[in-house]
Amino acid sequence: MSRTSIPTQIYPRIVERAASTLPQTDTTSYFTVTGKVLITQIIGEATTGMEAIANNMLLISNPTAGNSVNLCAAINTNAHIPGTLYNITGTFGNAMQGVDGEGALIAQVTPVIVREGVIELACDASATGEIKWTVHWMPLDAGSSLTVA
């Protein structure tokens, strides 16, 4: 079977959120989910240096109905340099992965199913720095979507 005959819906869709300042001792909605989606990769990239203070950062799935779930445990962004890459493993208890200035990062191992609601970024300090985020996702229901909040 040639690649051109494979239905395009089996390939993940990509949504990019432009670089923005970290939440300041707060939680901010970054993506909106309609229906159910499968997240195959969620990747952040520092576009500026992170302030040299302790700042624990994590991603949260906050459904419209039900309880929030941390998509990872926190990573400390203290003094990370521009170009630092971030992602999750897909195992909820594992810390967010961050490679401070390295040229590669291990991809998300386990896809995550997220229900309707928002995906949030939480930081426990007021630290300077900006990150852009890219999500690779697939719809699991007719009409499902994932968009920038």
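A salt bridge here is a side-chain nitrogen of Lys or Arg within 4 Å of a carboxyl oxygen of Asp or Glu. By that criterion, a search of the whole structure, which is a predicted model, finds two salt bridges.

Select Asp-141 and Lys-36 to begin. Their closest N and O atoms are 3.2 Å apart, and the two residues form a salt bridge. Asp-141 sits in the loop between β11 and β12 (145–148), while Lys-36 sits in the loop between β2 and β3, so the pair ties together parts that are 105 residues apart in sequence. Asp-141 is partly exposed at 30% relative accessibility, and Lys-36 is partly exposed at 35%.

Next, select Lys-132 and Glu-45. This salt bridge has its closest N and O atoms 3.8 Å apart. Lys-132 belongs to strand β11 and Glu-45 to strand β3, so parts 87 residues apart in sequence are tied together. Lys-132 counts as partly exposed, at 38% relative accessibility, as does Glu-45, at 29%.

Now turn to the largest nonpolar core, which has 31 residues. Select Met-57, Leu-59, Tyr-86, Ile-119, Trp-133 and Leu-146, the members that touch the most others. Then colour β2 (26–34), β3 (37–46), β4 (56–63), β9 (112–114), β10 (117–123) and β11 (130–139): each supplies at least two residues of this core.

Finish with Cys-72 and Cys-123. Zero disulfides are found in the whole structure. The sulfur of Cys-123 has its closest cysteine sulfur in Cys-72, and at 11 Å that is too far for a bond, because a disulfide requires the sulfur atoms to be within 2.5 Å. Cys-72 is buried, at 1% relative accessibility, and Cys-123 is buried at 5%.

Methods: Residues are numbered from 1 along each chain as its sequence is written. This is a predicted model: local features need pLDDT of at least 70, side-chain atom pairs count only at pLDDT 80 or more; totals for chains, interfaces and linings use all residues. Side-chain values use heavy atoms; hydrogens and water are left out. A nonpolar core is a set of buried Ala, Val, Leu, Ile, Met, Phe, Trp, Tyr and Cys residues joined through side-chain atoms within 4.5 Å. Buried means under 20% relative accessible area, exposed over 50%, partly exposed in between (1.4 Å probe, protein chains only). Helices (H or I, at least four residues) and strands (E, at least two) are DSSP runs, numbered from the N terminus.
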